[in-house]
Amino acid sequence: MIELVNVKKVFNAGNPSEFSALNSVNLRIAENQVTVLKGPSGSGKTTLLSIVGCMSRPSAGRVKLQGREITSLPERFLTDIRRKTFGFIFQQPNLIKGISVLDNVMLPAYPLGEKRSHLKIKAMNGLSELNIANKAASKVEWLSGGEAQRASIVRALINDPHIIIADEPTAHLDTKLSYRFMEIIEKFKAEGKTVIITSHDPLVYESSMVDRVVNLRDGQIEG
Amino acid sequence: MRNWIEKQRYIIDFTISSLLRRKVKNFGLLALYTLIVFILASTMFFTYAIKKEASLILKGAPEIVVQKIVAGRHDLFPVSYIETIKNIRGVASVESRLWGYYYDSLVSANYTLLTPPSSDAAKPSAKTTVVESESGGKPAKPLYELNGAVLEPGTLIIGNGIARLRNIGKDDYMPFRAFDGKVMNFRIAGVLSSQSELVSSDLMLITGEDFRKLFGIDQSHVTDLTVAVNNPSEVEMVASKIKKHLPDARPIIRDEILRTYDSIFNWRGGMMIVIFSAAVLAFVIFAWDKASGLSAGERREIGILKAVGWETSDVIQMKFWEGAVVSLTAFFSGVILAYVHVFFTGSIVFEPALKGWSSLYPNFELTPFVNLEQLTTLFFLTVVPYTVATIVPIWRAATIDPDSAMRFTGE
């Protein structure tokens with residue numbers, strides 16, 4: 001379970017351009033559920049998601065993961081938690097150009113030093129499950145939008161994380177691919193993973209598999 | 001431990017693929033970097049090897065040369081002084097020399113004319129006469145070698161540089177205009193061995209009689225004297241005694257000649273480095289710019305790596321390897337190319353600046369001498385600054401929050 005207590009996030013603190021993205025957010029995200037953070041642009045969805053995913057620290061407040069306070073942990077420990085606990089699916093596929101799909105997918109596992117042959121099998125299985133095994137050797141710039149999105153999903157899963165974090169995953173997908181994405185999310189849920197998605201796409205937050213929708217506006221939770 | 005090794009392998013693999021992804025930029029940088037190391041290493045190798053070569057050759061030079069000085073200038077040496085010097089305690093032998101310069105207006109070159117010591121000339125049996133070959137246990141290089149040629153009146157033995165310049169060889173004739181305007185024709189009896197070309201390129205051996213006729217020097221004078229001393233540690237003492245007995249004489253000891261050669265080539269090498277320092281500076285600016293200004297693509301890549309779970313130290317390590325691969329490859333390629341350039345191609349690029357005195361360039365192959373200290377200095381002046389310049393901005397970029405990757409919207 002993830003718990004946020006009175007979390008605040010201020011950018012450019014002390015500058016004339018100071019901007020408060022989150023204001024006293026209190027939130028509990030349950031395990032094995034699909035939670036959607038919904039809200040208009042600038043409502044603080046991505047900021048909240050990056051704090052939940054240990055990608056950035058709150059300016060104030062506490063974040064607890066499985067009851068353990070993680071806000072004050074040094075960067076090394078946070079990286080370790082991020083690597084082992086979270087799988088990230090970004091709005092853009094954010095694949096590294098010039099290297100193959102397989103190499104991109106294996107990237108998050110490099111710092112763990114897993115044996116190459118094992119890692120390769122794991123990556124190939126992931127690519128097969130999402131029907132892009134035939135693109136393993138291709139360079140990422142040759143992929144279509146949907147293929148790139150699926151490659152980034154396989155990358156998010158390579159270290160077998162418990163929690164999947166997806167930031168506006170359908171923003172650049174057409175309806176068919178968006179439905180395909182939601183099917184994949186359903187599969188994650190069936191496997192017992194926790195999924196947190198930010199979206200303002202009705203196709204996502206109105207989906208039957210979503211357990212909870214959290215509404216955000218102006219850096220605060222509504223309702 | 002196994003995981004750690006595997007992790008390093010992954011990082012190195014990724015580094016190499018990163019370098020190859022920016023082929024044009026990295027190869028351009030590598031080429032420029034290699035060129036700088038090549039220039040610096042060539043100058044260093046050349047200067048060091050030529051000094052070493054000259055010092056080996058000059059080891060065979062006379063211990064003391066005595067000249068006469070009039071009003072601070074070199075004058076002809078009276079033969080009558082020889083006895084005075086012979087009587088100084090510690091002097092083993094005294095030999096008079098006849099030598100001088102002849103300006104050939106046809107090719108605008110100065111030749112050095114020398115009368116070989118009486119013992120060396122006209123030895124029909126000698127296959128190779130080596131002049132001054134041993135000195136203090138370590139074999140010295142010969143000053144010149146007469147390859148079986150016999151020096152007789154009316155003949156010359158010439159250095160390789162002159163033979164090339166005038167396009168002449170054995171049994172050809174060479175005309176000279178004597179001091180009184182008369183033309184003297186000499187037959188070439190032979191060409192000196194190319195082994196000692198560094199100092200014998202412009203040399204001509206001539207008999208004493210012919211030399212006197214050519215320059216109008218009477219029998220009571222010679223050009224200078226060479227003095228051999230029994231005990232090497234007494235050389236300076238003997239020189240000071242000569243000075244005391246003959247106040248107008250100027251004894252020059254061998255170490256002084258070596259020092260002069262050293263400073264001449266140091267000066268030439270220094271000039272080269274000063275000229276190329278502009279190129280080095282340009283490279284430093286380029287490298288700094290390349291290293292400090294990370295492109296948006298590189299920043300984005302660092303953001304992605306951090307977002308997917310790479311630690312700051314992993315990213316820095318990767319970028320360190322990237323810098324190290326470029327700088328080490330450039331360093332070793334530059335040094336190897338410089339070695340080939342200096343020791344196998346005779347420094348074709350820098351030849352005019354570093355060797356030769358006028359229009360007569362010696363054509364010789366340097367024996368490879370490499371000074372480890374100089375190489376280490378070059379390493380610390382090129383590889384280390386570049387690697388450090390790469391690390392600092394990467395460290396700054398690598399410590400940013402990984403959520404920047406999440407906020408990246410352009411593709």
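## Contacts and composition of chain B

In chain B, 79% of the contacts with a separation of 6 or more join residues 24 or more positions apart; two residues are in contact if their C-beta atoms, placed from the backbone, lie within 7 Å. The model is predicted: local features need pLDDT of at least 70, side-chain atom pairs count only at pLDDT 80 or more, and totals for chains, interfaces and linings use all residues. Residues are numbered from 1 along each chain as its sequence is written, while chains are lettered from A and ligands numbered from 1 in the order in which they are written.

Chain B contains 12 helices and 17 strands. Helices (H or I, at least four residues) and strands (E, at least two) are DSSP runs, numbered from the N terminus. Of its 411 residues, 35% count as buried. A residue is buried if 20 or more other C-beta atoms lie within 10 Å of its own, exposed if 12 or fewer, and partly exposed in between, with C-beta atoms placed from the backbone.

## Helix packing in chain B

The axes of α2 (residues 23-58) and α12 (residues 372-398) of chain B come within 11 Å and cross at roughly 160°. Axes are lines fitted to C-alpha atoms, for helices over the stretch in contact, and angles run from 0 to 180 degrees between N-to-C directions. From α2(B), the contact uses Val37(B), Leu40(B), Ala41(B), Met44(B) and Tyr48(B), and from α12(B) it uses Gln374(B), Leu378(B) and Thr382(B). By class, six of these residues are nonpolar, two polar and none charged. Nonpolar covers Ala, Val, Leu, Ile, Met, Phe, Trp, Tyr, Cys and Pro; charged covers Asp, Glu, Lys and Arg; the others, Gly among them, are polar.

Helix α12(B) also packs against α10(B), where the axes come within 9 Å and cross at roughly 155°. That makes α10(B) and α12(B) roughly antiparallel, and their crossing is right-handed. Residues in this contact include Phe320(B), Gly323(B) and Phe331(B) of α10(B), and Phe379(B), Thr382(B) and Trp395(B) of α12(B). The contact of α10(B) with α12(B) has 15 nonpolar, six polar and one charged residues.

## The interface between the chains

Chain A and chain B each contribute 28 residues to their contact. On the chain B side, α1 (2-21), α9 (296-307) and α10 (312-343) each supply at least two residues. The largest share, nine residues, comes from α1(B). The chain B side that touches chain A divides into 13 nonpolar, five polar and 10 charged residues.

## Strands in chain A

Chain A has an open sheet of four strands in the order β2-β1-β4-β5, with antiparallel pairing; two strands pair if DSSP finds at least two bridges between them. Its edge strands, β2 (19-29) and β5 (68-69), each pair on one side only. Strand β4 (residues 60-65) of chain A joins β5(A) in the antiparallel sense over two bridges, and Leu65(A) has Arg68(A) of β5(A) as its bridge partner.

Elsewhere in chain A, Asn215(A) lies in strand β9 (residues 212-217). Asn215(A) counts as partly exposed because it has 15 C-beta neighbours inside 10 Å. Asn215(A) and His200(A) are 15 residues apart in sequence and 9.8 Å apart in space, C-alpha to C-alpha.

Methods: Parallel < 35°, antiparallel > 145°, perpendicular 65-115°, else oblique. Left-handed = near helix turned anticlockwise from the far one by under 90°.
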